[in-house]
Amino acid sequence: MNCKTPLRRVFSVISVVLVGTAPVHAADYLAMSGEQLYMRFCASCHGIEGHGDGPVAQSFARKIPDLTLIARRHGGEFQRDWVERTIDGRQKIASHGAYTMPVWGEDFSQIGDPDAERATRTMIARLVDYLETLQQK
């Protein structure tokens, strides 16, 4: 592994730990609930309860967002479409600048495969459903 920065090394290790050496395909994870998907793909950075305090969070120069405050940061409304686009990553949000989190749209699906695309959409919807349950009142 020839990584130039410690952060890249961390991401490389996480990639191997989370997904092994095989590519990630949505169909492999389609049976998982939103909570299970979150624990598998998000909790290492965002923390088990979504507060941005996962075991890898301290490796970042920027603070990892507290996902329990998404609605609060958007005027009390959980903006589902925005959250889906953020997770998916294929629709870039200019104000975010460069992505530092893994985005799952292209990673989960094989581009051009409609079945994989549907599975990816289903998984992201489940993740968003779960994130909505984490919102603080």
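Which residues does M32 touch, not counting residues up to four places away in sequence?

**View 1**
With residues up to four places away in sequence not counted, M32 touches L37 and R126, where contact means heavy atoms within 4.5 Å. This is a predicted model, in which local features need pLDDT of at least 70, side-chain atom pairs count only at pLDDT 80 or more, and totals for chains, interfaces and linings use all residues. Residues are numbered from 1 along each chain as its sequence is written, and side-chain values use heavy atoms, with hydrogens and water left out. M32 counts as partly exposed because its relative accessibility is 23%; buried means under 20% relative accessible area, exposed over 50%, and partly exposed in between (1.4 Å probe, protein chains only). Although M32 and M123 are 91 residues apart along the chain, their C-alpha atoms are separated by 8.1 Å.

**View 2. The whole protein chain, with eight helices and zero strands.**
From the N terminus on, the elements run α-α-α-α-α-α-α-α; helices (H or I, at least four residues) and strands (E, at least two) are DSSP runs, numbered from the N terminus. Of the 137 residues in the chain, 38% are buried. The chain exposes about 8,200 Å², of which carbon and sulfur atoms supply 55%; accessible areas come from the Shrake-Rupley method with a 1.4 Å probe, and for residues only the protein chains shown count as cover. Among contacts between residues at least 6 apart in sequence, 46% join residues at least 24 apart.

**View 3. The crossing of helix α3 (residues 34-41) and helix α8 (residues 114-133).**
The axes of α3 and α8 come within 8 Å and cross at roughly 95 degrees, and that makes α3 roughly perpendicular to α8. Axes are lines fitted to C-alpha atoms, for helices over the stretch in contact, and angles run from 0 to 180 degrees between N-to-C directions; angles under 35 degrees count as roughly parallel, over 145 as roughly antiparallel, 65 to 115 as roughly perpendicular and the rest as oblique. On the α3 side, G34, E35, L37, Y38 and M39 meet M123, R126, L127, Y130 and L131 of α8. The residues of this contact divide into seven nonpolar, one polar and two charged, with Ala, Val, Leu, Ile, Met, Phe, Trp, Tyr, Cys and Pro counted as nonpolar, Asp, Glu, Lys and Arg as charged, and the others, Gly among them, as polar.

**View 4. The largest nonpolar core, of 20 residues.**
A nonpolar core is a set of buried Ala, Val, Leu, Ile, Met, Phe, Trp, Tyr and Cys residues joined through side-chain atoms within 4.5 Å, and the residues with the most contacts inside the largest one are Y38, F78, V83, I87 and L131. The elements that give two or more residues to this core are α3, α5 (70-73), α6 (80-88) and α8, and the largest share, six residues, comes from α8. L131 touches Y38, L67, F78, V83 and I87, not counting residues up to four places away in sequence. Apart from this core lies another, of five residues, among them C45, V56, A57 and F60.

**View 5. Helix α6, with buried residues V83, T86, I87 and D88.**
Just after α6, G89 takes a positive phi of about 80 degrees. D88 and R121 are 33 residues apart in sequence, with 8.6 Å between their C-alpha atoms. R121 lies in helix α8 and counts as partly exposed because its relative accessibility is 38%.

**View 6. A43 in helix α4 (residues 43-46).**
A43 has a relative accessible area of 6% and is therefore buried. Leaving aside its neighbours within four places in sequence, A43 is in contact with Y38, I48, G54 and P55. The C-alpha atoms of A43 and V56, residues that are 13 apart in sequence, are 9.1 Å apart in space.
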